[in-house]
Amino acid sequence: MSDTLTGVAVVGSANLDLVVEVSRPPLVGETLLGRAGGRFSGGKGLNQAVASARSGALTRFCAVVGADEAGDVLQQTLADAGVASVLRRSADAPTGVAHVLAFDDGDNSIIVAAGANAELDVDDAVAGIEGAAVVLAQLEVPVVSVAAALRAGRSAGALTILNAAPAHEATLGMLADVDLLVVNETECDDLGGVDRLHDAGAHIVVRTRGAGGVDLHRVGSTPVHVEAFPIDPVDTTGAGDAFCGALAAALAQGDVIEAALRRACAAGAIVAQHRGATTSALSPVSIAELVASR
């Protein structure tokens, strides 16, 4: 990583999350009554950028939103979290929206309508990561733009992180430009497992397992397990994104990966104890206190 590069640049999606609280998913053809859970800023990219900033790293975020009130809400959320956003306003598409079913046990199901996220192009992505020490991206925006951001970041000497969510076969073609791949258990299985990812060029794979913790897989090394922090979850919607954002922040601040993973697990646990994908309860102090409690 070049000494002239600073902070974290996140390239990704920005959505308005509409949450409905229900006991279970509806069956096909069924109308199920639920409770209004609220309206929150979301999208994997925005969530991760907010988590990175709230974890103490200088952070900027590259995304496309609509020229609408929802876009204003997302812009304010980023400003409140201290994220230097690079939001392009689409004249044609509305801000992306996610419909979240929040279940009583803390789990969730999510349906996303991409909207303006689909317009994030290569030029947006490459300009958005310029000068960053760590580049973090996901796969809720066009994969060609994600690939361009990772390639440009790697060429400039940045540490590149890909959260392959949702799972996409194009991931395998990007791995030459990825220093650290983050996947959950389902995404890992969909992509063929850790061994296939290693064979395709992923030297470091972080596999998240929710309450089961995190496994760090490095080529040629014994896997390392990091325990999750025991909590009573309220809403796990943004826990994985908080993990990724805090991980990027910790690595940008110079942590070795094992320490960065502990901080990331703490960030995910903090967010999972609050409604919505982001929370002001996430901070360097709250992360440090939870890490020290173990």
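The end C-alpha atoms of residues 7-280 lie 20 Å apart, and this span is 33% helix and 28% strand. Helices (H or I, at least four residues) and strands (E, at least two) are DSSP runs, numbered from the N terminus. The model is predicted: local features need pLDDT of at least 70, side-chain atom pairs count only at pLDDT 80 or more, and totals for chains, interfaces and linings use all residues. Residues are numbered from 1 along each chain as its sequence is written, and side-chain values use heavy atoms, with hydrogens and water left out.

**Annotation**
- UniProt, in an unreviewed entry, lists residues 7-280 as "domain: Carbohydrate kinase PfkB"; such annotations may be inferred rather than shown by experiment.

**Overall form**
- The protein contains 10 helices and 13 strands.
- A compact globule of 294 residues would have a radius of gyration near 19 Å, and the protein agrees with 18 Å (taken over C-alpha atoms; the rule is 2.2 Å times the number of residues to the power 0.38).
- Its C-alpha trace spans about 50 × 45 × 40 Å along the principal axes.

**Interior**
- Of the 294 residues, 51% count as buried (under 20% relative accessible area, 1.4 Å probe, protein chains only).
- The largest nonpolar core has 52 residues; a nonpolar core is a set of buried Ala, Val, Leu, Ile, Met, Phe, Trp, Tyr and Cys residues joined through side-chain atoms within 4.5 Å.
- Helix 9 (residues 257-272) supplies the largest share of this core, 10 residues.
- A second, separate core of 35 residues includes Leu-5, Ala-93, Val-141 and Val-146.

Note on methods
Buried means under 20% relative accessible area, exposed over 50%, partly exposed in between (1.4 Å probe, protein chains only).
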